[in-house]
Amino acid sequence: MKAYWFDNLPGDQREPHDSGRVVSPDYLSKLGILHFNYSSEDDVNALAASRHYKNRDTITISPTTMGAAYEEKVRNFFHEHLHEDEEIRYILDGGGYFDVRSEGDEWVRIKLEKHDLMIMPAGIYHRFTTDTENYTKAMRLFKEDPKWTPLNRGSETEENQYRREYLKLREG
Ligand code: KMT
Ligand code: NI
């Protein structure tokens, strides 16, 4: 895992876009993001159980598994959105980037590699992209079933209850 400020320069979203300015784990935890590196799935299972996760799936994002739908999938994951529950992402193979919004609404880019695990709080705005290897195999873990849908950022998400609660937590 490596976190840095996104450079906001034009170009393929899958390029690193590294401004050279590092973001500390302390700042990530201020945003409500936690990170672990687990080489054993037993550790993932223990963490999930301790936080009362009930659901999970495994997704392989690559042209090999998705064929012609790949490029569109990659574009869709990169639309800024939030989820109404806390969610875990665990990288089983390959890698990718999660961009999360900072307090000043800037993008922080989080580079995840094999065995990186990230906990994202409910209500945080984020987006995802594969990197130039075009291969991410990830486990997605959910606390509940009904809230998996990404909610794209807009006037409605600004009023969303989980968004408001997230902002309160981040300020407090
Ligand atoms: C998300 O929440 O944006 C995703 O799950 C992206 C795909 S998982 C690597
Ligand atoms: Ni998401």
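**Entry 1: a term, and the model**

Before looking anything up, I wrote down that a polar contact is a pair of N or O atoms within 3.5 Å. I also noted that I am reading a predicted model, so I checked its confidence before anything else. The protein chain averages a pLDDT of 97, and 99% of the residues score at least 70. Among the elements of the chain, I found the highest mean pLDDT, 99, in strand E1 (residues 2-6), and the lowest, 96, in strand E4 (residues 55-61).

**Entry 2: ligand 1**

With that term in hand I turned to ligand 1, and looked up Arg89, which places a polar side-chain atom 2.7 Å from an oxygen atom of the ligand. For His83 the corresponding distance, again from a polar side-chain atom to an oxygen atom of ligand 1, is 3.0 Å. In the side chain of His81, an N or O atom is 3.1 Å from an oxygen atom of ligand 1. I then listed the surroundings of this ligand, which include Phe77, Phe98, Phe128, Ala138 and Arg140 along with the histidines His81, His83 and His126.

**Entry 3: the nickel ion**

Which residues of the protein hold the nickel ion (ligand 2)? I found that the protein donors are the NE2 atoms of His81, His83 and His126, lying 2.0 Å from the ion. Along the chain, the donors follow the spacing H-x1-H-x42-H.

**Entry 4: His81 in more detail**

Is His81 buried or exposed? I read a relative accessible area of 7% for His81, and because buried means under 20%, His81 is buried. His126 is buried too, with a relative accessible area of 2%. The side chains of His81 and His126 are joined by a polar contact of 2.8 Å, and the side chain of His81 also reaches the backbone oxygen of His79 at 2.8 Å. Not counting residues up to four places away in sequence, I found that His81 touches a number of residues, among them Ile124, Tyr125, Pro150, Leu151 and Asn152.

**Entry 5: Ile59**

Next I went to Ile59, which lies in strand E4 and counts as buried at 11% relative accessibility. Ile59 and Ala138 are 79 residues apart in sequence, yet their C-alpha atoms are 5.5 Å apart in space. Leaving aside neighbours within four places in sequence, Ile59 is in contact with Met66, Phe77, Thr136, Lys137, Ala138 and Arg140. I noted that Phe77, Ala138 and Arg140 are also among the residues around ligand 1.

**Entry 6: helix H6**

Last, I looked at helix H6 (residues 161-171), whose buried residues are Arg163, Tyr166 and Arg170. Seen down the axis of H6, these buried residues fall within an arc of 60 degrees, so they line one face of the helix. The face turned away from the buried side carries the exposed residues Lys168, Leu169 and Glu171.

What covers the buried residues of H6? I found that the cover includes helix H1 (25-30), strand E5, strand E6 (87-101) and helix H5 (155-159), and E5 is the strand in which His81 has its place. At the start of H6, I noted that a side-chain oxygen of Asn160 reaches to within 2.7 Å of the backbone nitrogen of Tyr162.

Terms used. Residues numbered from 1 in each chain as written. Chains lettered and ligands numbered in written order. Predicted model: local features only at pLDDT ≥ 70, side-chain atom pairs only at ≥ 80, totals over all residues. Heavy atoms only, no water. Donors = N, O, S within 2.8 Å, 3.2 Å for Na, K, Ca; no water. Buried < 20%, exposed > 50% of the residue type's maximum accessible area, 1.4 Å probe, protein only. Helix = DSSP H or I, 4+ residues; strand = E, 2+ residues; numbered from the N terminus. Arc of directions from axis to C-beta. Contact = heavy atoms within 4.5 Å. Polar contact = N/O pair within 3.5 Å; in protein donor to acceptor, adjacent residues only side chain to side chain. pLDDT = per-residue confidence, 0-100. Near = heavy atom within 4 Å.
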